[in-house]
Amino acid sequence: MELPSGRLVRGRGLRHGPAAAPFPTYGVYLLGKEPPDVPWEAHWVQWPDFRLPVDRPQALAAFREALERTATGRVEMVCSGGRGRTGTALACLAVLDGVPADQAVDYVRQHYDKHAVETPWQKRYVQNLLTGA
């Protein structure tokens with residue numbers, strides 16, 4: 001997905017198989033349990049399916065790190081299916097990249113997957129990302 005700044009980030013779901021080439025240099029894994037080993041640098045954000053990150057400040061730090069790394073490397077955001085948690089994380093990156101928080105979910109649905117961000121609380125999480133509410 002292309003962010004407003006022109007930076008690129010890939011979203012995907014683990015159930016769709018392994019990452020395709022070109023391989024990422026950094027991945028953020030949004031899962032309720034520890035992710036599988038990968039041959040690139042990775043960060044795990046503990047995030048149960050259909051819910052929100054267990055540690056929200058840690059998740060925000062991971063999103064900021066991912067956005068920073070898009071300047072020099074290939075970054076991917078990954079959950080099981082590639083829609084709910086991945087879409088929510090991509091919307092958070094869009095907010096950090098300058099999309100107004102109340103427009104970020106629509107941005108991701110237009111530029112990544114029309115079914116991204118699956119629950120009302122995931123949408124509220126994006127809208128309140130920078131306010132901490």
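Predicted model: local features only at pLDDT ≥ 70, side-chain atom pairs only at ≥ 80, totals over all residues.

Me: Which elements make up the protein, and in what order do they run from the N terminus on?

Reply: The protein contains 4 helices and 4 strands, and their order from the N terminus is β-β-β-α-β-α-α-α. The radius of gyration is 13 Å, close to the 14 Å that the globule rule gives for 133 residues, so the protein is as compact as a globular protein of that length. Along the principal axes, its C-alpha atoms fill a box of roughly 35 × 30 × 25 Å.

Me: How many of the residues are buried, as a percentage?

Reply: A residue is called buried when its relative accessible area is under 20%. In the protein, 44% of the 133 residues are buried.

Me: Which residues does the UniProt annotation cover?

Reply: An annotation is read from the record and then placed on the model. The unreviewed UniProt entry carries "domain: Tyrosine specific protein phosphatases" for residues 57-111. That span is 62% helix and 9% strand, and its end C-alpha atoms lie 26 Å apart.

Me: Where is S80 found, and which residues does S80 touch beyond four places away in sequence?

Reply: For a single residue, one reads its place, its accessibility and its neighbours. S80 sits in the loop between strand 4 (75-79) and helix 2 (84-96). With 25% relative accessibility, S80 counts as partly exposed. Leaving aside residues up to four places away in sequence, S80 touches G13, L14, R15, L31 and R85.

Me: What should be noted about the backbone at P22, F50 and V117?

Reply: One looks at the backbone angles. A cis peptide bond, with omega about 0°, joins A21 and P22; P22 lies in the loop between strand 1 (10-13) and strand 2 (26-31). F50 is a residue other than glycine with a positive phi, near 65°, and V117 also has a phi near 65°.

Me: Are F50 and V117 buried or partly exposed?

Reply: F50, in the loop between strand 3 (41-46) and helix 1 (56-69), is partly exposed at 43% relative accessibility. V117, in the loop between helix 3 (104-111) and helix 4 (120-127), is buried, with a relative accessible area of 3%.

How values were computed
Residues numbered from 1 in each chain as written. Heavy atoms only, no water. Helix = DSSP H or I, 4+ residues; strand = E, 2+ residues; numbered from the N terminus. Rg over C-alpha atoms; globule rule 2.2 N^0.38 Å. Buried < 20%, exposed > 50% of the residue type's maximum accessible area, 1.4 Å probe, protein only. UniProt positions renumbered as here; feature names shortened; annotations may be inferred. Contact = heavy atoms within 4.5 Å.
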